Amino acid sequence: MQESIERLFNISHDASASLIIALTTFILGYLITAVVFIFTRYFERKSNRKIFLDNLGSLNKSLKRQQTAFLDTVNSLNIITNSPWEYSKVDFFQIPVFREMSYKDSFKSFFWGFENQLPILINKKLKRRAYNKTWENINNVQYWSDRALNDFFFALEKYNQHGERRNMALNQLRQMWEHLFLTAKNKPQTFSENELKYIKKLDNTIAAYRKVPTNIRVFPFTTQRKLVLPIRILNRKYQELPLVRELNDKAYEVSTHYHEMELFVRHTRIQYRKYYYAFRSIQRTNEMIEKILS
């Protein structure tokens, strides 16, 4: 080889030796640099893949916690027990991690490099679809998480508004029967015998309601079943009496507001069950994605 170089370039033996040494040093240096570069990129991609998959696994755990929180919310929406509404928003800290890694850099870690070309049995199209679905799910988690929180406070406000209207109508109904009892006590002669009979039965109905323990009596459901409905049933029996009509109209108004509360609770329960199933679907999809990308 040295003799060929000497004849080709017409140089001395010492010069050809120096040239060979220089070329060998350059080539070896380039090869070492290339190998270092290749393995540096390989370990970087490997590290990014691990971070991505670990973060995806962690996200799935947070999704499970949020599902449990949604079920707790659904169970707290109970107008019969009048339990306080509960809502717990899980912090999906994994989402900023994904976005910091970026779509492009993460894509390289799964689809660039010699190690990603070796498993020829892997469906590359399926792997790409799974990878893209991950980012779609990330956006969906953020969207549904924010919406579920906003909807909770909106629903709570609307429910309280219905409750305030019901309480106002109930208070007006109470003032009406107290005025009626006071008048019957002080001026019984202003009422007919049938009217006094009705007033007596109305007083008994209210007295029976007051025997219910206070901690239960204040529940909207208990008040509706133990007070308002019995009053309306009694009113039907004496509907021909003029004084009953006004009382019945107000009792009907209380019932209307109560039913609005009941329907609103039912609707909200359905809504948060939908959120539960949406997060469960995302979590199960992510588990499949994790297997495909691993």
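Reply: Let's start with a term: a crossing is called left-handed if the near helix is turned anticlockwise from the far one by less than a right angle, and right-handed if clockwise. With that in hand, keep in mind that what you're looking at is a predicted model. The protein has a mean pLDDT of 87, and 85% of its residues reach 70 or more. Confidence is lowest in helix H1 (residues 2-9), with a mean of 53, and it is highest in helix H8 (residues 220-237), at 96.

Now for the crossing itself. Find helix H5 (residues 124-186) and helix H9 (residues 242-293): their axes come within 8 Å and cross at roughly 165 degrees. Angles over 145 degrees count as roughly antiparallel, so H5 is roughly antiparallel to H9. As for handedness, the crossing of H5 and H9 is left-handed. And what sort of residues make up the contact of H5 with H9? They split into 30 nonpolar, 11 polar and 11 charged.

H9 also gives us a way into another helix. Glu287 falls within the stretch 242-293 of H9, and its C-alpha is 7.6 Å from that of Gly57, although the two are 230 residues apart in sequence. Gly57 itself sits in helix H2 (residues 13-76). With a relative accessible area of 16%, Gly57 is buried, because the cut-off for that is under 20%.

Most residues other than glycine have a negative phi. Asn82, in the loop between H2 and helix H3 (94-101), has a phi near 55 degrees, which is positive even though the residue isn't a glycine. Its relative accessible area is 31%, so Asn82 is partly exposed. Then there's Ser102, in the loop between H3 and H4. Ser102 isn't a glycine either, and its phi is positive, at about 75 degrees. Ser102 has a relative accessible area of 22%, so it counts as partly exposed.

Notes
Residues are numbered from 1 along each chain as its sequence is written. This is a predicted model: local features need pLDDT of at least 70, side-chain atom pairs count only at pLDDT 80 or more; totals for chains, interfaces and linings use all residues. Side-chain values use heavy atoms; hydrogens and water are left out. pLDDT is the predictor's confidence in each residue, from 0 to 100. Helices (H or I, at least four residues) and strands (E, at least two) are DSSP runs, numbered from the N terminus. Axes are lines fitted to C-alpha atoms, for helices over the stretch in contact, and angles run from 0 to 180 degrees between N-to-C directions. Angles under 35 degrees count as roughly parallel, over 145 as roughly antiparallel, 65 to 115 as roughly perpendicular and the rest as oblique. Ala, Val, Leu, Ile, Met, Phe, Trp, Tyr, Cys and Pro count as nonpolar, Asp, Glu, Lys and Arg as charged, and the others, Gly among them, as polar. Buried means under 20% relative accessible area, exposed over 50%, partly exposed in between (1.4 Å probe, protein chains only).
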